[in-house]
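Let's take a quick tour of a protein chain together. Have a look at the sequence and the structure first, then read on.

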Amino acid sequence: MPTNGETTRIVIADDHPVVMLGIRALLKERSGMQVIGEASNGRELLAVLASEPCDLLITDFSMPYEDGSGDGLPLLRRVRRDHPRLPIIVLTMVHNAALTRGMLAAEVNGLVAKVAMTKELQLAIGAVMNGRTYICEAMREHVVDWSAQEGPERAAEAVVLSQREAEVVRLYAQGLSVTQIAEQLHRSVKTVSQQKNDAMRKLGITSNTQLFEYARTYGLL
């Protein structure tokens, strides 16, 4: 991982040139980012990663690989096997719960829907480069149950709040008190307080400052 002041070396992979242009444009908005390699298919990606040391991979999910298919799971597993410590952010148009969970099981660090790339790629980079897992808003519902089924380590990485818990966290981070949130959401103060506490417990958060940072990082503000 780069230390403060150093350049983050990034490899990007997608078989659509327009998407590649979009990724490069977004990365230019963030200081300290350098694209040091590009690939348009799985074979090229493996070759680039083998020859160019990098700090982050941003890759499309559905790229041609060994059998010519667009199923990215075998490629993601191969990348993770060859580069066990490399942070990986996956861009995808897939909105399938099973594939979402499959990507997380392949140990990717971030999932961003292509339709939300402009809004969420920067958030994902910030979270992943600080050692956290990022799941975009459109895909979070797919892993609500999955995180509880995969053991405590995976649950800690891929924890997803319920919609009601996320509402409470968002409003609390905006500066509302528990009483004000209860009034706005038409819930009891006891219920709102419990939902706030449940969210903090799930996230391993012990202070309101940490809760605010979570809300900011994951786009709840």
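Before counting anything, here is what the labels mean: helices are DSSP runs of H or I with at least four residues, strands are runs of E with at least two, and both are numbered from the N terminus. Keep in mind that you're looking at a predicted model. With those labels, the chain has 11 helices and 6 strands.

**The chain as a whole**
- Of the 221 residues in the chain, 48% are buried.
- Take the contacts between residues at least 6 apart in sequence: 60% of them join residues at least 24 apart.

**Two helices side by side**
- Two packed helices are described by the angle between their axes and the distance between the axes.
- Here, the axes of helix α2 (residues 42-51) and helix α3 (residues 73-82) come within 11 Å and cross at roughly 10 degrees.
- Angles under 35 degrees count as roughly parallel, so α2 is roughly parallel to α3.
- Which residues meet? From α2 it's G42, L45, L46 and L49, and from α3 it's L75, R78, V79 and D82.
- Sort the residues of this contact by type and you get 5 nonpolar, 1 polar and 2 charged.

- In soluble globular proteins, nonpolar side chains tend to be buried together.
- The largest nonpolar core in this model has 50 residues, and L45, I58, I89, M103 and I125 touch the most other members.
- Helix α5 (residues 117-128) supplies the largest share of this core, with 6 residues.
- What does L45 touch, once you skip its neighbours within four places in sequence? Its contacts are V11, A13, A39, L57, T59, M63, L75 and V79.

- Why is α5 described as largely enclosed by the rest of the structure? Because 9 of its 12 residues are buried.
- Those buried residues are M117, E120, L121, Q122, A124, I125, G126, A127 and V128.

- Look for P64 in the loop between β3 (56-60) and α3.
- P64 and N41 are 23 residues apart along the chain, yet their C-alpha atoms are separated by 5.3 Å.

Key. Residues numbered from 1 in each chain as written. Predicted model: local features only at pLDDT ≥ 70, side-chain atom pairs only at ≥ 80, totals over all residues. Heavy atoms only, no water. Buried < 20%, exposed > 50% of the residue type's maximum accessible area, 1.4 Å probe, protein only. Contact = heavy atoms within 4.5 Å. Axes fitted to C-alpha atoms, helices over the stretch in contact; angles between N-to-C directions. Parallel < 35°, antiparallel > 145°, perpendicular 65-115°, else oblique. Nonpolar A, V, L, I, M, F, W, Y, C, P; charged D, E, K, R; others polar. Core = buried A, V, L, I, M, F, W, Y, C linked by side-chain atoms within 4.5 Å.
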